[in-house]
Amino acid sequence: MGCIAVLFALNEQDVEKLRLINRKDRADYMHEEIEELFYNRFREYLCDLDKSWDAMHRMLTDGNLNFENTYQPLCNVIFGGEFIYGLMREPSGEVIIPEDEEDEYMILKTPEQVAEIAKALPNKTKEECRKYYYMIDEEDYGMKLDEEDFEYTWENLEYSLDFWKRAAEEKRYVLFTVDR
């Protein structure tokens, strides 16, 4: 997927306010309030993953881009957590995209999930990530697997480490957002 992703480290008050926003209005609130505030005043609490998130999720899990991944805790880096917008879990457990929410995903990670990620992520070596990157199904990924794409993904993963560590230390939630 060629979409841009950003992580935001939110405090409990930010999360409470987000949850109070009517679901259909959350994307607008995200762009008009949260992005504006974080890009202008709280840049230390955001991490731009650009387009690396797709390969990152795949190489940290089983190579697939799905919401049912159970490779704990690293499946939570991208798709794990509470679906705030763009996705919804049916009572049957099936994940669906609600009408009028096709434009982006917003997935919230708890402070406990953030702490698990911050602890596990630094243990992934570049060699291990490279191995799993090259196991991604190229046809499913939609791009050619090559060293340039791997390095781009690895650099973004490394860049995110301080973000995860800080969010965990401050017991923050992390909101993953990606436009589609």
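**Exercise 1. Work out which residues point each way from β6, and how β6 is covered.**

Glu104, Met106 and Leu108 point one way from β6, while Tyr105, Ile107 and Lys109 point the other way, and all are buried. Buried here is under 20% relative accessible area, exposed is over 50%, and partly exposed is in between (1.4 Å probe, protein chains only). Strands are DSSP runs of E with at least two residues, helices are runs of H or I with at least four, and both are numbered from the N terminus.

Before going on, a word on the model. It's a predicted one: local features need pLDDT of at least 70, side-chain atom pairs count only at pLDDT 80 or more, and totals for chains, interfaces and linings use all residues. Residues are numbered from 1 along each chain as its sequence is written, and side-chain values use heavy atoms, with hydrogens and water left out.

**Exercise 2. Find how β6 pairs with β3 and with β7.**

Start with β3: it pairs with β6 in the antiparallel sense, over 3 bridges. (To pair, two strands need at least two DSSP bridges between them.) Here phenylalanine 83 stands opposite isoleucine 107 in β6. Now take β7 (residues 173-179): 6 bridges join this strand to β6, and the two run antiparallel. Tyrosine 105 stands opposite valine 178 in β7.

**Exercise 3. Describe how α3 packs on α5.**

First the geometry: α3 (residues 53-60) and α5 (residues 126-133) pack at about 100 degrees, with axes 8 Å apart. That makes α3 roughly perpendicular to α5. The label covers 65 to 115 degrees; under 35 is roughly parallel, over 145 roughly antiparallel, and the rest oblique. Axes are lines fitted to C-alpha atoms, for helices over the stretch in contact, and angles run from 0 to 180 degrees between N-to-C directions.

Next, who touches whom? Ala55, Met59 and Leu60 in α3 meet Cys129, Tyr132 and Tyr133 in α5, with contact meaning heavy atoms within 4.5 Å. These residues divide into 6 nonpolar, no polar and no charged.

**Exercise 4. Look at the backbone of aspartate 50, aspartate 100 and proline 73.**

Aspartate 50 has phi near 55 degrees, positive in a residue other than glycine. It lies in β2 (residues 46-50) and is partly exposed at 27% relative accessibility. Aspartate 100 has a positive phi of about 70 degrees; it sits in the loop between β5 and β6 and is exposed at 67%. Finally, the peptide bond from glutamine 72 to proline 73 is cis, with omega near -5 degrees.

Conventions: Ala, Val, Leu, Ile, Met, Phe, Trp, Tyr, Cys and Pro count as nonpolar, Asp, Glu, Lys and Arg as charged, and the others, Gly among them, as polar.
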